[in-house]
Amino acid sequence: MAMDAVASPSSNRKLDTSALRQSKITGAILLFLALITALIFAQVEGGDAVFRLSRPTDTWALPNLVVPAGPFNWVAVAILTFLGVRQWMSKTGKGASLALGLGFAIFIAAFLVWATAGKAFSLTGMLQATMVRAVPIAMGGLAGVLSERVAVVNIGIEGILLSGAFTGALVGSLLGNWIGLIAAILVGGMFGFILAALVVTYRVDQIIAGVVINLFVLGLTSYVSSQVFSEYRFLNNAPVFRAINIPILSDIPVIGPMFFQQNIFVYGALIMVAAATYYLFYTKHGLHARSVGEHPQAADTLGINVYRVRYVHVIMGGMVAGFGGAFLTLGLVGRFDDNMTNGRGFIGLAAMIFGRWHPVGALMAALIFGFADSLQQKMALLQTPIPSEFLAMAPYIATIVVVAGIVGRSRMPAADGKPYIKE
Amino acid sequence: MDIELRGITKRFGEVVANSGVNLQIKAGEVLGLLGENGAGKSTMMNVLSGLYRPDEGEIVIDGKPVQFDGPGDGIRAGIGMVHQHFMLVPVFTVAENVVLGVEPTGPFDSLDLKTARKQVREINETYGLEVDPDALIENLPVGIQQRVEIIKVLFREADVLIFDEPTAVLTPQEVTDFFKIVRALKDAGKALVFITHKLHEILEIADRINVLRAGQIVGECLPGEKTDIELAEMMVGRPVNLEVEKKPYAPGEVLLDVKDLTILREDDSLAVDDVSFSVRRNEVVGIAGVQGNGQSALVEALAGVHRVAGGTISFEGKDITRTSARARHKMGFAHIPEDRLKNGVVTNFTIAENMVLNSYYDERYSKGVSMDWNAVNEHAAEYAAAFDVRTPSIFETLNHLSGGNQQKMVVAREMSRDTQLMIAAHPTRGLDVGSIEYIHSRLMHARDEGDAVLIVSSELDEVIALSDRILVMFKGRIVAEFGAGGRPVDKNDIGLAMAGATL
Ligand SMILES: Nc1ncnc2c1ncn2[C@@H]1O[C@H](COP(=O)(O)OP(=O)(O)OP(=O)(O)O)[C@@H](O)[C@H]1O
Ligand SMILES: [Mg+2]
């Protein structure tokens, strides 16, 4: 039988392996982080950084975490240097991504300690904000996962999020938040249907079709909000879903406020991510969907209706994006603003890629982005010497670094973006 | 189950792929189908399996005419096809591929993979297939992937199994195993259709032979009645020389010199392990070996499309280890890649466009930034004709060509220049005997003109027929050399070396 002959390189020969190359790069990055930490973050004049882990009103209050800034950061420098040198000298090149992940965590901790030195900072509040910021992005990412798993690239997610936000505000103002939410989901589904019709049936280029949806929604909602909402303010004043505390769970320190003191959008998003994971990887129809994304011709020869599967999933993706968009209005501020999604749909697509086309991965990536985003907001309040423009870039840089460095190469569905033409 | 095709005609625009074909397929029998590249074999089988709808004629199953509206219908009627290009999802497991479309399920639509695995094992046992249901397809060698295709159709309780060139990508050992499976299926009362270009195979396994030419059945016979030479003539319509004519061996200076070459796979495992050899002008060096022993990586590294981890490659005495594929191409490298669809062509480009894929920038085909399409078309037409690429025109896109004609197009492109070094991986895979004769003669011509020729093939007969020297690869190393300075060429010895025996 022709099995691949596998052997591992003998250690006495010098070979240019990709693991070694990666290890060198990782080592260099870690040493660079150590340098920054030493030159900037460790240069604090005394002072403790105080992290509040709970609020006075909490049932089980944790004491504040008090960190002596200088010593902590010098320890961070030492660890980063050790990791960096170890990776640089490594002969096997193993453990590069673990070291990089660890290194970044330490670096961010050092940064936080430096920025907070001599002040107090609410960690719990930041984590709660992280979740809130992650939801629309995670929903954009999940919408992307659903449609790209059946090989339809959905650039229109940005526009569909915006349409969900708009519909939620308008219908919510008139008929209440529940009807508003349902309407937003339906409108999202409708755009999903339009995209599917364009790209599956009429084989319009997928990117162009998505861009058209984005431009259309942006133009229409901007027009209505500037011409109509400004005149008739009651049309843009929707009731907001309140937070529901889950008994007992919401009292857990740190975790409770983040996951269990939120409104139905956050719970809905978490449930959807779990449901989508089960659906895609453990059910019959999920298997059909993935086969259509990987090898539509094979699916077709086995009697799976490629076109129908694509329609269904792109519409589902649209509905998820509609839900995520409604969160911005019905879950947060109750009113629609011009272009209020502001690129979250695109970040959602990035989250999908970083999450390797997996719902949980997309959520994780969205959380990283949300963390960086809420961190930069808090930092702006702490008045660090870093210009706010640079801070605003942090979430994007964090996402790129995490993706490129730690997640590494990922593989998209093999037929992604390609129309299927039946013989 | 018995099947009859009556007066089947299938057209693609102007092209008549099948015209008025009558064919009988009987239970417990292997029907062998022979025919030139583009004769219409695959088309006919696609009609039978429901993938294509015939323009005329009907399919009769056990006396009842049937109509298929899609590929699902064929399989429901008990007709299963193992395609020329496998229809497997590479990132799925064996069990997932097998049950796709007819999954056993539990509550909440959940996939019941436990049952699926059990069913796969049952089929394994009945027909002696030995496939691990949990293996990922992309990690399996082609021979095993093919068994997965067979399990797939058996799982759907097919009574008719169609094999379209199943042996084209198999190693000799795999072919032997495959024939065992075919016999087991036959004994179980299945009706089988077997398409191949290898005459000795059809003589060995078929119970009845039909020959197709230009979309029509031109002959029917029993395997005992005809020799391979007669079959070849029946197929091509002219006498074919099955032997390679070779001038005496007179090697020139060393052209390609490989020293201590080591190549790694993506996961850093060794593909080629410290290999050294050289190829001279006027010499054909054959690399024999069971697939998966590093030949693919070696060829890619020589062509400049695979990173080298250690050692050197030199050409005319110059170190070219790190030079680009294009630079090598300009030095006179020709490369016939192993997987033509993946690395050789753009399937939705036309023949003319594909013909200049590697030389479009040449002065002959472009002026400044604009292409000189007249020159391209002229060149493409000339070489398509010389290599007998059967196509209505050079403006046809490549995916409309038959498998063999796609291969001929690649070979034509690579041989259409003044080359120094010819690297040919499976140059005649999927070709009919007439085309093989021609391409072999072209390879010999290149050798006699002063080229160095390197041939990689798992087809031992081909390697022996063409090569002046044969190197055997096993687990990434060159383990034996035959011919010229090495031991005398002996088919059995080479086979043993390929299997890893130390001689
Ligand atoms: N989808 C298609 N569109 C247009 N023409 C086609 C298509 N499929 C096949 N043809 C043409 O039909 C003819 C028969 O092709 P077919 O694939 O049946 O040949 P074949 O006998 O299987 O050849 P090979 O041995 O090379 O695989 C060829 O001339 C081919 O160009
Ligand atoms: Mg064919």
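In chain B, a polar side-chain atom of Lys41(B) lies 2.8 Å from an oxygen atom of ligand 1, and a polar side-chain atom of Ser42(B) lies 2.7 Å from an oxygen atom of the ligand. This is a predicted model, in which local features need pLDDT of at least 70, side-chain atom pairs count only at pLDDT 80 or more, and totals for chains, interfaces and linings use all residues. Residues are numbered from 1 along each chain as its sequence is written, chains are lettered from A and ligands numbered from 1 in the order in which they are written, and side-chain values use heavy atoms, with hydrogens and water left out.

**Polar contacts and cover**
- Glu165(B) also places a polar side-chain atom 3.3 Å from an oxygen atom of ligand 1, a polar contact here being a pair of N or O atoms within 3.5 Å.
- The protein covers 91% of the 640 Å² of accessible area that ligand 1 has on its own, as calculated by the Shrake-Rupley method with a 1.4 Å probe.

**The surrounding shell**
- Ligand 1 lies between chains A and B, and 20 residues surround it, the closest being Lys41(B), Ser42(B), Thr43(B), Ser402(B) and Gly404(B); a residue is near if one of its heavy atoms lies within 4 Å.
- Five residues of the shell are nonpolar, 11 are polar and four are charged, with Gly counted among the polar ones and Asp, Glu, Lys and Arg as charged.

**Elements that contribute**
- Strand E2 (15-25), helix H1 (41-48) and helix H14 (403-415) of chain B each supply at least two shell residues, and H1(B) gives the most, with three; helices (H or I, at least four residues) and strands (E, at least two) are DSSP runs numbered from the N terminus.

Terms used: Polar contact = N/O pair within 3.5 Å; in protein donor to acceptor, adjacent residues only side chain to side chain.
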